[in-house]
Every structure is written in structure tokens, then in C-alpha cells.
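User: I should like to understand the reasoning behind the terms used for this model. Please set each value against its criterion.

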Protein chains: 2
Amino acid sequence: MAAETLSLAGLEKTSLRQQALAALRRAITTGELAPGTHLVETELSESLQISRGTLREAMRQLQQEGLIAAGPRGRLSVRHLDAKEIRDIFAVRAALESLAAAQLCELADRAGVIAALHGAIAAMDDAERDGLEPRIEADLNFHRTLCRLTGNETLLHSWQSLEGNIRMSIMFAGLERAVRNMDVKRHADIVDAIETGDKAKAAETIRAHMSGAAQNLVG
Amino acid sequence: MAAETLSLAGLEKTSLRQQALAALRRAITTGELAPGTHLVETELSESLQISRGTLREAMRQLQQEGLIAAGPRGRLSVRHLDAKEIRDIFAVRAALESLAAAQLCELADRAGVIAALHGAIAAMDDAERDGLEPRIEADLNFHRTLCRLTGNETLLHSWQSLEGNIRMSIMFAGLERAVRNMDVKRHADIVDAIETGDKAKAAETIRAHMSGAAQNLVG
DNA sequence: ATCTGCGCGACTGTCAACAGTTGGTCTGTC
DNA sequence: GACAGACCAACTGTTGACAGTCGCGCAGAT
């Protein structure tokens, strides 16, 4: 029986707060909870089957992530994005990811990094057959990996706190427009630029990618 | 009695959660709560005279800001920064603020922006006589203003979520080292670069400023 | 002396209830 | 019919209490 006990399959005992957080994040970024919707604590806690206190903790986190906004008298509602805000979000995203690309260029041995990024691109390629959502996940995973590989935890954390906003932007613009940005070749260009080790070039490639992406979404 | 009722003096009715948030943030960034200190909910709620539920909401927010970190079994403790993390924080900060500088360069009419930034520098100059903390506040205010003037709310929000980490970095390095970065002239250089409207130059000025600042803190 | 249970104290996860405020509605009066 | 004022329902802010779990120390067996 040693094999079973060593598997540790049931290691992740997530708290109710984390489950609620994930559920709400998903509901908002998929549009199940429409922008502008007023989030009533009592209703939500009932539908999620958790207490208000636990729910409130999760909502604070979502508020900090920018997915929900506070109105007068503490009323929380699903944030609504307009075209300018999407452009602003992608400008910040471009700044963060170009830093990531530049930091990766500074690494002496980039072989492992390049391999990991190629793996992420391959996953994007595979996802093309699986539908829209998997493609979006694969795309976000590529960019998240870009940040993670730098080893700069602050950078990764900042990017992740933007991730919800990015997902909302995609949802707002519509999935059809969003998939235009999932082109494999353009992502391969990013990896190639990093491989050369030219910081300025890599950063500029990212900025161009993001500028085009924002244009695709709102233009 | 119209005068009194119109004064709106008591407009800011801050919730206990916000007060707790401010108090904790201050205690951590001033070192009153040393890095690594385990934050026991029952103790803190008693010393702050609030209930645990309210305290927990504030702690979630601090956790997202990166001021406190979660250990095993949900234990929260004051985050500890090492030299690498400070460099990482300042690299992200540089990326955000150079975006701010670049966006400000794109404005057709920069007169108002330049004036506001000169005002912030003048405040730094005044603060030189007032001691260490006011100088730090004036410095942070300058950089926050830089982000705010872009009108990019996401950028401002990202910067502010980094602000706590910046304050921790300053505390960690010691106030004597930190004030080396408060030089008025070097900040004036930033404003001058923005005034020329040269995006690349302005961004590079910021990056150099931040690189030097990080070096001053940990070098 | 070392190891194995066993309690016990300490803390976090979670919940249900109370209090205060705001906005709407309904009624009575002019 | 319009307006003023008083109820009333709906929410959020805040609290105290209960439950589960982890780590530690102590006693007893080998």
C-alpha cells in the first residue's frame, strides 16, 4: 500500500475562499457576470454556499485585481472597461513584458529559456484544434511563462495582477477578435528576438506585438 | 450654521477596515513590525480593537500588495526582502515609470504636466529641512504624480500596488542610504527630458535614475 | 535513553447574527 | 395632483462564537 500513500494525490486542500475566488474570477472573465452587475453579498454568498465573511475576503482580492470596482456606500460591481482602458492595460502589459524579454536577454545561458518558450508555443499550436478558450489559455500561458522565467517574482506578481484585466479585455472585445492575436508565428518572433540576446530588439518586438494586439481588440 | 454644514469637514468616514489597513501598512513600512514577524490574528485584532473578520479583510489586501506573505497553514508574516528582490522591485518600477514618462512625452500640450512636476520637485526641496520621512514622502509623491498625470489608471494602480514594496525597500536599506536618492537635480533631469518630448530619452533617464537608486540602496 | 501515544494550548477557517444606513414607497394633507 | 414625512425593505459594516487542525510537551512502555 506504500504506493498509494506516497502518491499524495489529495495534497491540495483549497480553502473555501480560494474556491470562491476562482469561481468569481471565472464568472467575471467569461462574461457570466456581466460588466456593471451589482454584486450583492447576501445573494452571492447564498449561491456559492459560503458565509458572507469568507466571500468578502475573496471580493477584496478581486477588487485589488481590478475585476470589481467599489461604488458609493461600499457597493461592489463588476468593472466595465472601455476602449481607452483596454489600450491603457495593454500599454502597461507591454512595459512589463518588454522588461521580461530584456531580463531574459541578459541571461548567460538562454538555452533552457528558449526551449521552455518553444514548448509554450507548441502548446498554442496544439490548442488551435481545441477551440477558442484553450487557445486563449495557451496564449496567456506563453506570456505568463515569459515573466516567470525571469525569476523576478515581483514582475510575475505584477503581471498576474493584470491578468484578470487582460481576460476582461478579451471578453469585452469578443473572442473572434481576440484569436487574431494568437498567431503562432508572431510569438515565435518574440522568442527569436530573445534568442539573439539583443535587449532593445526583444523589448521592441514585444511592444509591437502588444500594440498590434490592442489594435486588434479595440480598433 | 450654513458655514459648518457646508464645510464637509467630516466627509471622510473611513471604515475600520481602511483604518486598519493604513495602520498596518504604516507599521510595516516603518519597521515597527519587523520583517519575518508572525502576524497572529487574535493578537492584532485585540491591539487594533477590531474584530478578526474586519482585520482579515485588511490582511488580504496587504497580502496582495506583497507586504505580508503566507506561510504554511495560512500563517501570515511580514515579508522579508533581500538584495535581489529589491533590485527586482526597482526593475519593475523602472519599467512602469519609463512608460509613464513616454506617455507624457506623447501629450501635445505638456505645459500643465511640466508645471505639476516642477511643483512636486519644489515640495521635495522644501522637505529637505523637515527631516527624513517628509523627504521620502515628497520623493514618492513626485513619482506617483508622474504616473497619475498620464491619466492611465491601470498604470497608476500598478505603481501603487508596488508602493508598499518600495517603502519596504527603503526601510530595509536604511533611511541614510535612501536619502541619497532624493537629490533634487536628478529629478529635475527627468522633468527636463519629458519636456523635450523625446520618448526614448525620457524613458532612458528614468531607467538610469532607478538603476542608480537600486544601487544606492543595496550596493 | 528513545520512542510512541495522548492531551492540550494556540491559531486559523467559517459561520450566523446584530447594528446602522440608505433609498424607495406609501399615505395623508394641502 | 403634488409634496412632506414616516415607515419599510435591502444591504453593508462589524462582531463574537464554534469547529477543525497543527505543533508541542509529557507520561509511559520498551
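This is a predicted model: local features need pLDDT of at least 70, side-chain atom pairs count only at pLDDT 80 or more; totals for chains, interfaces and linings use all residues.

Analyst: Of the atoms of DNA strand D within 4 Å of the protein, 66% belong to sugar or phosphate and the rest to bases.

User: What makes Arg56(A) a polar contact of a phosphate oxygen of DNA strand D?

Analyst: The criterion is a pair of N or O atoms within 3.5 Å. A polar side-chain atom of Arg56(A) lies 2.7 Å from a phosphate oxygen of DNA strand D, so the pair qualifies under that limit. Two further phosphate contacts of DNA strand D involve a polar backbone atom of Leu39(A), at 3.4 Å, and a polar side-chain atom of Thr54(B), at 3.3 Å.

User: Which elements supply the surface near DNA strand D, and how do its residues divide by class?

Analyst: At least two residues each come from strand S1 (38–39), helix H3 (41–48) and H4 of chain A, and from helix H2 (16–29) and H4 of chain B. By class, the surface has four nonpolar, seven polar and nine charged residues.

User: Which residues come nearest to DNA strand C?

Analyst: Of the 19 residues around DNA strand C, the nearest are Leu16(A), Ser51(A), Glu41(B), Arg52(B) and Arg56(B).

User: What relation do chains A and B have, and why?

Analyst: Chain A can be laid on chain B by a turn of 180° with a shift of 0.0 Å along the axis, at an RMSD of 0.0 Å. That is the relation of a two-fold axis. Both copies use the same surface, since 100% of the contact residues of chain A recur in chain B.

User: Why is Gln64(B) called buried?

Analyst: The cut-off for buried is under 20% relative accessible area. Gln64(B) has 12% relative accessibility and therefore counts as buried. This residue lies in helix H4 of chain B. Beyond its neighbours within four places in sequence, Gln64(B) is in contact with Gln61(A), Gln64(A), Glu65(A) and His157(A).

User: How do you know that the span of helix H11 of chain B agrees with expectation?

Analyst: At 1.5 Å a residue, the 20 residues of helix H11 (residues 199–218) should span 28 Å; the end C-alpha atoms are 29 Å apart, which agrees. At the start of H11(B), a side-chain oxygen of Asp198(B) reaches to within 3.2 Å of the backbone nitrogen of Ala200(B). Among the buried residues of H11(B) are Ile206(B), Met210(B) and Leu217(B). The buried residues of this helix pack against helices of chain B, including helix H5 (83–105) and helix H8 (153–173).

How values were computed:
Residues are numbered from 1 along each chain as its sequence is written. Chains are lettered from A and ligands numbered from 1 in the order in which they are written. Side-chain values use heavy atoms; hydrogens and water are left out. A residue is near a molecule or strand if one of its heavy atoms lies within 4 Å of it. Helices (H or I, at least four residues) and strands (E, at least two) are DSSP runs, numbered from the N terminus. Buried means under 20% relative accessible area, exposed over 50%, partly exposed in between (1.4 Å probe, protein chains only). Contact means heavy atoms within 4.5 Å. Copies are superposed by least squares on the C-alpha atoms of residues with pLDDT of at least 70 in both. A polar contact is a pair of N or O atoms within 3.5 Å; within protein, one must be able to donate a hydrogen and the other to accept it, and residues adjacent in sequence count only if both atoms are side-chain atoms. Ala, Val, Leu, Ile, Met, Phe, Trp, Tyr, Cys and Pro count as nonpolar, Asp, Glu, Lys and Arg as charged, and the others, Gly among them, as polar. The expected span of a helix is 1.5 Å times one less than its number of residues.
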